[in-house]
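Reader: Hi! I have a new structure open and would like to talk it through with you. Could you have a look with me?

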Amino acid sequence: MDNKPHVQIHAASSLQANGLNKCANCFNLLEYLRYGVLYCTPKINDKIDTHDFLIAYANHTFSKLTGIEALNSASLKKISNRFSMGENSLLSLASKVMHTKEPITQECQDERGTQWFSINLSHIELYDEPALVIAIEDISNRKQAELDLQRMNQDFITVLESTSDFIYIKDKESRIRYCSQTLAEITGHQSWRDMVGKHDNEIFPLETAQVYIQEEVPIFRDGVAVLNKVNPYFRADGSVGWVSTNKWPMFAEDGKTVTGIFGISRDISESKAREDELRTMATTDFLTGLASRRDYIDDLNRQIARIQRSPQALCSLLLIDLDLFKRVNDIYGHAVGDHMLQHISRLMRNDLRRVDSIGRIGGEEFSILMPDTDIQAAKTFAERLRKKIEITPLLDGERSIPITISIGITQIHVEDSSAESVFERADVALYRAKNSGRNRVELG
Ligand SMILES: Nc1nc2c(ncn2[C@@H]2O[C@H](COP(=O)(O)OP(=O)(O)OP(=O)(O)O)[C@@H](O)[C@H]2O)c(=O)[nH]1
């Protein structure tokens, strides 16, 4: 140790001085300790309940750690306020130890709050004289690490309590160790702390829990992440939401053993609902609920492909146009015109088989696909539909508004390579029906 001072021992009594001097070599050893050591004796020889102590010996490390110099023969009271101990003081602890003869260990800071110490006070009897040994250790680094950890933990809890995502850490039995407040609330718990130790089986309906548990099998078995899984979940109120989930394995220090799972599930209920809505809008006509033109043409193309594969297969197509529909709009207004389109759609849809499909392919133009139906059978169906519409007017309050339809029919041929050629033939037939006075069925 550098600049090690010569050991000097100041004894409270001659008897003690004798003993201590005999121990001088032992005290020399203490100079090499990484602990600071004070050896104190009660200031008044025979009174243990004295309020002060004489520092008989301080090792070099004590001065080095605390920055307090000239300790030998100083009083403990004098240096007591150099340690910040909350309710206690070094002096009060010293008195307590002398009373109880029980050692005390306490953590404290220096007066400026820049250093942390662990201080141990022990009562000893040396040559029948009571004495106090104070050992001090600089624990600033450990304390800083502890405080950092505490702060990190607090930050982590703040994240858990404020994030809108469902965040969770599970142990190797898939039990919750931490989770976000949102996950607690959505599953009917007051605090995320109520979730700690729970298994998915205890949180979610069994079926949902099984999905989540299965998902975690490869994570535990192979240490791989599971990413972008879209799953439904059940809220405490019974409603269904959707989450997109990422789960990662957490490893032990060996970097191999999976000790748990870290997961983030994001609620995508709103975006999923919007996506579903857009998909429906793209495939469904908003006014009538029938297939949109695009979706209907997809069906038609499938039928064309089927017939190309099996030329003996049949499929007929009806092109249907409302007669003089402009007049309905002009006389009754556009809203009634809309009701008429809905009315006709309902009448047509009610007459279809499961295998048939129907689409609104223009403003007041519809088309029906009839698989496994030749053109004559399609004509019979079309005539029946035409008559039904003729005799079923739209009822609008007191008013009864009649309408008729014209229909052009064609059968899909093996030579048809696209929807256009099929529509063209049906259109020619429809044109003929219109030109022949409307409310007619024509074949093309
Ligand atoms: N109310 C309403 N009318 C529509 C809609 N789409 C198209 N129409 C109307 O449908 C009418 C079609 O008129 P036209 O093409 O002249 O045919 P039409 O009056 O039915 O006569 P023909 O087809 O020759 O029998 C137009 O007045 C369009 O405004 C719609 O979504 N709602």
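**Talking through the model**

Author: Happy to! Of the protein's 444 residues, 29% count as buried. Keep in mind that this is a predicted model.

Reader: Good to know. How many helices and strands does the secondary structure come to?

Author: There are 15 helices and 18 strands. As for contacts with a separation of 6 or more, 53% of them join residues 24 or more positions apart.

Reader: Let's go to the ligand. Which residues are closest to it?

Author: Asp 323, Phe 325, Lys 326, Gly 337 and Gly 363 are the closest, out of 16 residues that surround the ligand. The elements giving two or more residues to that shell are β12 (315-322), α12 (325-332) and α13.

Reader: And which element gives the most to the shell?

Author: That would be α13, with four residues.

Reader: What is the shell like by class?

Author: It has seven charged, five nonpolar and four polar residues.

Reader: Back to α13, then. What span should its 17 residues have, and how far apart are its end C-alpha atoms?

Author: Helix α13 covers residues 334-350, and at 1.5 Å a residue it should span 24 Å; the end C-alpha atoms are 24 Å apart, so the two agree.

Reader: Nice. Which of its residues are buried?

Author: Gly 337, Met 340, Leu 341, His 343, Ile 344 and Met 348 are the buried ones in α13. They cover an arc of only 165° around the axis, so they sit on the same side of α13. On the other side, Ala 335 and Asn 350 are exposed.

Reader: Why would residues three or four places apart point the same way?

Author: Because an α-helix has 3.6 residues a turn.

Reader: Thanks! Moving on to the largest nonpolar core: which residues touch the most other members?

Author: Leu 318, Ile 368, Ala 382, Ile 407, Ile 409 and Ala 426 do, in a core of 42 residues. At least two residues of this core come from each of α11 (293-309), β12, α13, β14 (365-371), α14 (375-390), β17 (405-411) and α15 (419-435). The largest share is that of α15, with seven residues.

Reader: What is Leu 318 in contact with, leaving aside its neighbours within four places in sequence?

Author: Leu 318 is in contact with Ser 367, Ile 368, Ala 378, Ala 382, Ile 407 and Ile 409. Apart from this core lies another one, of 27 residues, including Ala 58, Phe 83, Ile 134 and Ala 135.

Reader: Changing topic: where is Lys 96 found?

Author: Lys 96 is in helix α5, residues 90-100. It has 14 C-beta neighbours inside 10 Å, so Lys 96 counts as partly exposed. Lys 96 lies 9.6 Å from Leu 121, C-alpha to C-alpha, and the two are 25 residues apart in sequence. The buried residues of α5 are Leu 90, Leu 91, Leu 93, Ala 94, Ser 95 and Met 98.

Reader: What follows α5?

Author: Lys 101 does, and its phi is positive, near 60°. Ser 174 also has a positive phi, near 65°, and its place is in the loop between β7 (166-171) and β8 (176-179).

Methods
Residues numbered from 1 in each chain as written. Predicted model: local features only at pLDDT ≥ 70, side-chain atom pairs only at ≥ 80, totals over all residues. Expected span 1.5 Å × (residues − 1). Buried ≥ 20, exposed ≤ 12 C-beta atoms within 10 Å, placed from the backbone. Arc of directions from axis to C-beta. Contact = placed C-beta atoms within 7 Å. Near = placed C-beta within 6 Å. Nonpolar A, V, L, I, M, F, W, Y, C, P; charged D, E, K, R; others polar. Core = buried A, V, L, I, M, F, W, Y, C linked by C-beta atoms within 7 Å.
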